[in-house]
Amino acid sequence: MPQPHSQTLSELRSLFRSDFFSNDAHDLITYGADWSGVLTPDPALIAFPRSTFEVASFLSECSRLSLSVVPSGGRTGLSGGAVAANGEIVLSLEKMNRIGRLDASARTLQVEAGAITENIHRRAADDGLFWPVDFASKGSSQVGGNLSTNAGGVRVIRYGLTRQWVLGLTVVTMAGKVFELGGSLEKNNTGIDLRQIFIGTEGTLGVITEAVLKLTSLPVESRTRVLFLELSDFAAVLDLFRQARSASFLISAYECLTAACLREVLSAGMKSPFPNFDSDSTSVFALIEIEVEEEMVFDAFLETLARDAENQASVLNAVVAETRKHREELWELRERIAETILSQGEAHQQDLSVGVSDLASFFQGVESRYRTAYPEFEVFIFGHIGDGNLHFFIRKPEKLSSDDFHKRCAESDQMLFEFCQSFRGSVSAEHGIGLLKKDALHFSKSTAEIEYARALKNVFDPENFLNPGKVV
Ligand SMILES: Cc1cc2nc3c(=O)[nH]c(=O)nc-3n(C[C@H](O)[C@H](O)[C@H](O)COP(=O)(O)OP(=O)(O)OC[C@H]3O[C@@H](n4cnc5c(N)ncnc54)[C@H](O)[C@@H]3O)c2cc1C
């Protein structure tokens with residue numbers, strides 16, 4: 001797509017205050033990209049509205065002038081959803097970051113879309129409350145981005161997806177129409193719920209400008225236990241998961257990582273969980289967070305683990321965090337994986353899910369396929385066990401050029417997608433489709449579903465100006 005005509009851009013700029021736009025070279029590169037890092041950003045302008053009213057006037061003027069717009073949050077997305085590589089105007093929600101009224105009895109919080117996820121956690125915690133959308137990029141991601149990707153994360157096993165933690169949305173369509181959807185109503189059974197189609201559709205149908213979030217109680221710190229375990233293999237991770245699920249306590253996170261992931265974060269300076277970690281280990285590791293109601297139940301679980309560890313059957317090593325600092329150190333081992341791999345140079349990543357009961361066969365099948373067909377790849381596998389969701393990161397081997405690496409990854413992705421399809425799994429568990437997964441959509445959705453999704457896009461954005469080329 002060519003860059004828009006400079007006269008058209010000048011006309012647009014003349015309609016708004018002078019600090020509404022930036023075409024500073026650094027801003028264009030920064031705001032035109034996300035963490036996927038694969039495509040070269042090339043936006044025409046960056047817009048920084050400060051209110052829903054400004055978003056509405058901006059979008060209706062862009063429609064009139066036939067200008068394409070890419071909504072942009074914290075740009076931590078890994079599928080290229082917020083990338084502007086074709087002369088679009090980036091609509092950054094960054095300046096709409098106000099955190100408004102917290103209603104403690106209704107347990108709701110009013111926010112603007114640009115509020116940072118972690119700041120929402122902090123505000124809720126001041127009143128002993130919690131917005132349970134939680135993952136490693138929470139320090140940069142925005143609530144609008146979380147809602148637009150229906151983000152998952154480390155607490156889905158306990159609390160579900162982002163979709164479940166929002167009551168009301170304010171959304172602006174490309175025509176500049178403002179929808180107030182849901183408000184603060186917990187119950188509102190009045191037919192088709194339009195809110196839901198703006199959640200998880202990656203800014204292709206409308207721009208989320210404000211939300212009423214639903215909150216829950218902050219987990220009680222004294223009841224929270226974090227365990228980090230070394231297990232003989234992936235099957236043992238799932239056996240232990242079954243055991244933990246049948247105990248009478250709440251699992252608030254059950255994460256796994258391979259030894260390659262642990263080596264990676266340790267080499268970046270994280271503290272080893274065990275004094276005797278063998279750097280040639282081929283074990284698999286689990287991080288479990290539990291909310292304990294009865295100490296006796298938890299003690300019985302620990303005794304089972306200790307017996308198993310004594311026999312060196314499946315539990316090879318285990319540690320229970322004793323202080324808040326220790327808990328945070330153990331969590332860092334899991335949360336820093338993606339960031340560490342991505343900061344070490346070129347890498348390719350996938351994010352797939354299958355039913356939890358298929359996870360062991362899926363993991364083993366993928367591992368052996370990579371080993372046999374792509375022995376040159378260093379593969380890092382980690383993920384959210386309770387959600388059947390695994391992430392696969394592959395580091396570019398030194399001897400491969402960047403182009404050859406991407407060709408090999410495109411080939412290996414086909415293998416991965418076909419295998420995932422055989423389990424009726426999803427080619428994008430939580431990172432969305434964006435630009436990078438569009439061609440793989442058919443592995444997880446039928447032709448009819450894709451056609452109906454396109455028809456919906458046509459209703460809200462018939463000229464295809466909003467986040468063009470993304471998702472469908
Ligand atoms: C280290 C790391 C770990 C991660 N871990 C997880 C994880 O565990 N679970 C998970 O689900 N994701 C994870 N992600 C991916 C990412 O952080 C989430 O998808 C997050 O919700 C994106 O939020 P964002 O504000 O950065 O959105 P962006 O990347 O800016 O945008 C994402 C999409 O939403 C659209 N969008 C953004 N704001 C709006 C808006 N206000 N209105 C309409 N559309 C909008 C964009 O156009 C784009 O299509 C991780 C990413 C990183 C880098």
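Predicted model: local features only at pLDDT ≥ 70, side-chain atom pairs only at ≥ 80, totals over all residues.
Most residues other than glycine have a negative phi. Residue numbers start from 1 in each chain, in the order in which its sequence is written. Local features require a pLDDT of at least 70, side-chain atom pairs a pLDDT of 80 or more, while totals for chains, interfaces and linings use all residues; side-chain values rest on heavy atoms, without hydrogens or water.

Helices here are DSSP runs of H or I with at least four residues, numbered from the N terminus. Helix α3 covers residues 52-64, and its 13 residues should span 18 Å at 1.5 Å a residue. The expected span is 1.5 Å times one less than the number of residues. The end C-alpha atoms of α3 are 18 Å apart, so the model agrees with this expectation. Buried residues (under 20% relative accessible area; exposed is over 50%, partly exposed in between; 1.4 Å probe, protein chains only) of α3 are T52, E54, V55, A56, F58, L59 and C62.

**The contact between T52 and E210.** T52 is part of helix α3. Its relative accessibility is 11%, and T52 therefore counts as buried. The side chains of T52 and E210 make a polar contact at 2.4 Å. Such a contact is a pair of N or O atoms within 3.5 Å; within protein, one atom must be able to donate a hydrogen and the other to accept it, and residues adjacent in sequence count only if both atoms are side-chain atoms.

A polar backbone atom of P71 is 2.6 Å from an oxygen atom of the ligand. For G74, a backbone N or O atom is 2.8 Å from a ligand oxygen atom. S137 takes part through its side chain, with a polar atom 2.6 Å from an oxygen atom of the ligand.

**Helix α8 and its buried residues.** F234, A236, V237, L238, L240, F241 and A244 are the buried residues of α8.

**A309 in helix α10.** Helix α10 (residues 295-310) contains A309. This residue is partly exposed, because its relative accessible area is 23%. A309 and E230 are separated by 79 residues in sequence, yet their C-alpha atoms are 9.6 Å apart in space.

R424 lies in the loop between α14 (402-421) and α15 (447-460). Its phi is near 55 degrees, a positive value in a residue other than glycine. With a relative accessible area of 81%, R424 is exposed. N464 is placed in the segment after α15. The phi of N464 is likewise positive, near 60 degrees, and N464 is not a glycine. N464 is partly exposed, its relative accessible area being 36%.

Note on methods. Helix = DSSP H or I, 4+ residues; strand = E, 2+ residues; numbered from the N terminus.
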